Amino acid sequence: MPELPEVETVVRGLRPLWVGRRIARVVQRRPDLRFPFPNNFSKRLEGEGVVGLGRRAKYMLADLSSGEVLLMHLGMSGSFRVVHGSDESGPGKFHHVRSKLSAHDHVVFHMSNGAIVTFNDPRRFGYMKLIRRDDLNQDPMIEALGPEPLGNAFDGAMLAAACHGKKTSLKAALSDQKVVAGLGNIYVCEALHRAHLSPKRQASTIALKSGAPRPSANALAGSIKTVLNDAIHAGGSSLRDHRQTDGDLGYFQHSFRVYDRAGEKCPTPKCKGKIKRIVQGTRSTFFCPVCQK
Ligand SMILES: [Zn+2]
């Protein structure tokens, strides 16, 4: 499943092709993905300029000149592919992949600069919505979200306040979109390891009785930013075939310190522990029982 860093890299990859351009034509090949497409979807997009392209949690948000926002979610297996200029008749590897998966090409955006941006989603858990910009923050999907982990406002104090009094595990708290938005299972595990905090620890223990942050809250907020930024820098980290928006075939490569590494030696310097896998909720947690307290 594409995680926040992948979504961010998709946004960054699409931005130069979309922002300041017009959506000339939209080909919609199905009535629905996870949800039905909005009424008159292609008509409402065609001719509109893209004023901005951003991200909130794992939602991609394209601001249109009409005053609407195109919200896009990649779901489990969604990806964008770009053909621009000479690449259209381009190299074999690209052509091969396109034809192989074309049955899953559900939406094609033809941009005014000639770029063709195709949304492909074999499992169809992705979706697209059109929302008035003025109504965006009241949209149920957006309204429920907590702070953006890479936002300037997110820090130890904010994290401690959100965990204050919480009797759930730290793992469960960090997986809660109201505590911090868009942090998936992988990055929760990685951030906790980096901060040397056990995923089983009660969430409230990172806050003082007053709700003010303990040093652990500051360490954890810092680790969250670091693991996400490292992954974005590495180009994302999905384990499956999430393609980069430039049409590149490559799998996102990023090495995790604990995720999916059960039985391996803990990478913390001087730690003699081995990575352990446990199940919390319904999800796997990977951690080091020796250096994560
Ligand atoms: Zn360790």
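The model is predicted. Its chain has eight helices and ten strands. Of the 293 residues, 51% count as buried. Twelve salt bridges are counted, and a search of the whole structure finds zero disulfides.

- Cys 271 and Cys 288 are both buried.
- Cys 291 has 15% relative accessibility, so it also counts as buried, the cut-off being under 20%.

**Overall fold and surface**

- Among contacts in the chain with a separation of 6 or more, 67% come from residues 24 or more positions apart.
- The chain exposes about 13500 Å².

**Helix α7**

- Helix α7 spans residues 185-194.
- Nine of its ten residues are buried, so the helix is largely enclosed by the rest of the structure.
- The buried set is Asn 185, Ile 186, Tyr 187, Val 188, Cys 189, Glu 190, Ala 191, Leu 192 and His 193.
- Cys 189, one of the buried residues of α7, has a relative accessible area of 1%.
- The buried residues of α7 pack against α1, α6 (170-175), α8 and β10.
- Just after α7, His 196 takes a positive phi of about 60°.

- Glu 148 forms a salt bridge with Arg 56, and their closest N and O atoms are 3.0 Å apart.
- Glu 148 lies in the loop between α4 (140-143) and α5 (156-163), and Arg 56 lies in strand β2 (residues 50-56), so the pair ties together parts 92 residues apart in sequence.
- Glu 148 counts as buried at 16% relative accessibility.
- Arg 56 counts as partly exposed at 21%.
- The two values fall on opposite sides of the 20% cut-off for buried, which is why Glu 148 at 16% is classed as buried and Arg 56 at 21% as partly exposed.
- A network of salt bridges links Glu 8, Arg 12, Arg 55, Arg 56 and Glu 148.

**Salt bridge Lys 129–Asp 139**

- The side chains of Lys 129 and Asp 139 meet in a salt bridge at 2.9 Å, N to O.
- This pair links distant parts of the chain, ten residues apart.
- Lys 129 belongs to strand β8 (residues 127-132), while Asp 139 belongs to the loop between β8 and α4.
- Asp 139 is buried, with a relative accessible area of 7%.
- Lys 129 is partly exposed, with a relative accessible area of 25%.

**Salt bridge Arg 30–Asp 32**

- Arg 30 and Asp 32 form a salt bridge, with the closest N and O atoms 2.9 Å apart.
- Arg 30 is partly exposed at 23% relative accessible area.
- Asp 32 is partly exposed at 27%.

**Pro 16 in helix α1**

- Pro 16 lies in helix α1 (residues 4-18).
- Pro 16 is exposed, with a relative accessible area of 52%.
- The exposed label applies because the cut-off is over 50%.
- The C-alpha atoms of Pro 16 and Leu 53 are separated by 9.4 Å, and these residues are 37 residues apart along the chain.

Terms used: Residues numbered from 1 in each chain as written. Predicted model: local features only at pLDDT ≥ 70, side-chain atom pairs only at ≥ 80, totals over all residues. Heavy atoms only, no water. Buried < 20%, exposed > 50% of the residue type's maximum accessible area, 1.4 Å probe, protein only. Disulfide = S-S within 2.5 Å. Helix = DSSP H or I, 4+ residues; strand = E, 2+ residues; numbered from the N terminus. Contact = heavy atoms within 4.5 Å. Areas by Shrake-Rupley, 256 points an atom, 1.4 Å probe, with all protein chains shown as cover. Salt bridge = Lys/Arg side-chain N within 4 Å of Asp/Glu carboxyl O.
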